[in-house]
Amino acid sequence: MSKEPVAVVGIGQTKHVAARRDVSIAGLVREAAGRALADAELTWADIDAVVIGKAPDFFEGVMMPELYLADALGAVGKPMLRVHTAGSVGGSTALVATNLIAGRVHGTVLTLAYEKQSESNAMWGLSLPIPFQQPLLAGAGGFFAPHVRAYMRRTGAPDTVGSLVAYKDRRNALKNPYAHLHEHDITLEKVQASPMLWDPIRYSETCPSSDGACAMILTDRAGAARSPRPPAWLHGGAMRSEPTLFAGKDCVSPQAGKDCAADVYRQAGIADPRRDIDAVEMYVPFSWYEPMWLENLGFAEEGEGWKLTESGVTELDGDLPVNMSGGVLSTNPIGASGMIRFAEAALQVRGQAGEHQVEGARRVLGHAYGGGSQFFSMWLVGAESPTS
Amino acid sequence: MPEVLKAPLVVEFPFTRSLGPVQSAFLTGLRERVVLGVKTADGRTLVPPVEYDPVTAEDLDELVEVAPTGTVTTWAWNHEPRRGQPLDTPFAWALVRLDGADTALLHALDAPGPDAVRTGMRVRVRWAAQRTGAITDIACFEPYDGDRPQIAGHDGRFEDMVTGIVAPARLDYVYSPGRAQSAYIDSLSSRRTVGERCPSCRKVYVPPRGACPTCGVITSEQVEVGPRGTVTTYCIVNIKARNLDIEVPYVYAHIALDGADLALHGRIGGIPYDQVRMGLRVEPVWTEGGRHPDHYRPTGEPDAEYDTYKELL
């Protein structure tokens, strides 16, 4: 039996900010879910199941928050699932929800991911004082910076490429009312003059810490037929994992990422991603990850990704726009960040991305990764039904 | 074989919570010695109140006052109160349905012993002397034989609302690094670095994990590596971490010790930070009593060729 086609018919986000002190965690997720329902013109009664994701419980210190959030998400009396795959969780959460529909378990599913970083301490959650280990480092930037240097060495990329990405993403964010950072006076010079935190990563090339939630309503063919607005159709979705560290791991371009992309392209019938995909919303928490992922995802040959960035191909009006929303560099409620990527891909093919809409976007890739580059999740969505 | 190590690991953090309108009213009420519930669409009063209707999922905002007296609906005796619990003498954990409420609130019940507690018994709130807008403003419940008091019918609007709380969390673990890491740490005490070779792929893991993450098989063959190695990649850290006693800037590097198939992480010293480079040859520097090398310094050898370490970044 073939799989049921899956459509995105509702998308909702909160305005991402540094701190939402006016709402509880329940109030935050509720706001995104309510907006997704409104977009789909559905009510709580139309939802068959809820799939929720967030980063480690340690971050906010609420253990198994899905239990406490059931009533805020209308899940009482319905199946509720929690997904966790570190920073990629927003993407894998959406894919778990997708599979419930593709497998005809449920007709319409609410999927949602969030983080309330103002009430959490990610740095602490990731840097526990493990006995017998030598404390050397705190924070994700120091973990990823050596990999960025390895990329620069491997490809010979000029050291300005990271600043070009940050400058582009921050300008894209100005067109996205939901983005956290709205730096109206941003200039390339300002990015390049910002202090080095973990050389070669500058302050302006890192992501902010945000409070935010993102929700989507996924449905089957019958649900899509009732949708008041054009749906985004799933053409392919996949997840892959590998260990954080192992002998032979390519930290610059992990095999799991390549395999995940290849699976998605196979499902979607993509022969040449650079030609067949109109735009990409990828998980770039540090600016250099744009050229790195362009290679990992097959949009450029190995060693050539930075040339796409440098020549303006990835600009909003370029030939392959990347991170139209402003990306993780402009908004990072960790648990939600992957889903925001997936939602942006869906917004684009629905033609509902507003000022950051890519003209004629028909097929867009959403990408997320997490942990020490060990979890990957991706989906490719299109304006047309995969069966049409 | 050396003993498997164990040590306490305490994880604690003062989490902040934004309350939202309903919990804000509830906790502010406790500060003012008023217990509030919330009215649902089907006419029930939930205490403690929730923000969303568990039946219809709609927003809830109609706050109603209930009495500080109520009835125990079920309970369990706590023989040995632990750190942070409401009372430091044995007490009952009780679910109490306050007069006017349809649901029960969990709290401590101060009673002389389990024989003095029964389902259906009448109790009342014992207020804390110092109240801040927290669930601990109810010190506990206590047995009560009197009448049900009159309540004023408060609507939940107060001066100076409590909008956030601090919720300290603490977890006590006993941490053990396991057999392989214990042996590795034991070797370090004699300033030797000993990894383990995978019997399948022959790769040498340092530090060893006891199993090969690629092949999924147990490793046991011990292999001494180093002491010299090559800096494969690095970053210059300019942020002073709160919990680290290291002056910035410093170089955090991936170091492939000679004979290891995976780089480990260490700090580079004995050379200006801006002269560190990929391929630099280094050796460990130990300090008296240190469990690990304090840092690595240049050996003075010529730099390693990129091709010799490009798989070990």
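Student: Which residue takes a positive phi in the hairpin of E15(B) and E16(B)?
Tutor: That's B:Gly259, with a phi near 100° in this predicted model. Six residues lie between the two strands of the hairpin.

Student: How do you know that E15(B) and E16(B) pair, and in which sense?
Tutor: Pairing takes at least two bridges between the strands. E15 (residues 250–257) and E16 (residues 264–268) of chain B have five, so they count as a pair. They run antiparallel. For one bridge, look at B:Tyr252, whose partner in E16(B) is B:Arg267.

Student: What makes E15(B) "mostly covered"?
Tutor: Eight of its eight residues are buried. To be called buried, a residue needs 20 or more other C-beta atoms within 10 Å of its own.

Student: Which residues of E15(B) sit on each side?
Tutor: B:Tyr250, B:Tyr252, B:His254 and B:Ala256 are on one side, with B:Val251, B:Ala253, B:Ile255 and B:Leu257 on the other. Both faces are covered. In a regular strand, side chains alternate between the two faces of the sheet.

Student: What else does chain A bring to the side that touches chain B?
Tutor: The contact takes 45 residues from chain A and 48 from chain B. H1, H5 and E5 of chain A each supply at least two residues of chain A's side. H5(A) has the largest share, six residues. By class, that side has 27 nonpolar, eight polar and ten charged residues.

Student: What span is expected for H6(A), and what does the model show?
Tutor: The helix has 13 residues, and at 1.5 Å a residue you'd expect 18 Å. From first C-alpha to last, H6(A) reaches 19 Å, which is close.

Student: How many residues of H6(A) are buried?
Tutor: Twelve of its 13, making the helix mostly covered. Among them are A:Tyr167, A:Lys168, A:Asp169 and A:Arg170.

Student: What do the buried residues of H6(A) pack against?
Tutor: Four helices of chain A: H7 (188–193), H11 (289–296), H12 (305–310) and H13 (327–330).

Key
Residues numbered from 1 in each chain as written. Chains lettered and ligands numbered in written order. Predicted model: local features only at pLDDT ≥ 70, side-chain atom pairs only at ≥ 80, totals over all residues. Contact = placed C-beta atoms within 7 Å. Nonpolar A, V, L, I, M, F, W, Y, C, P; charged D, E, K, R; others polar. Expected span 1.5 Å × (residues − 1).
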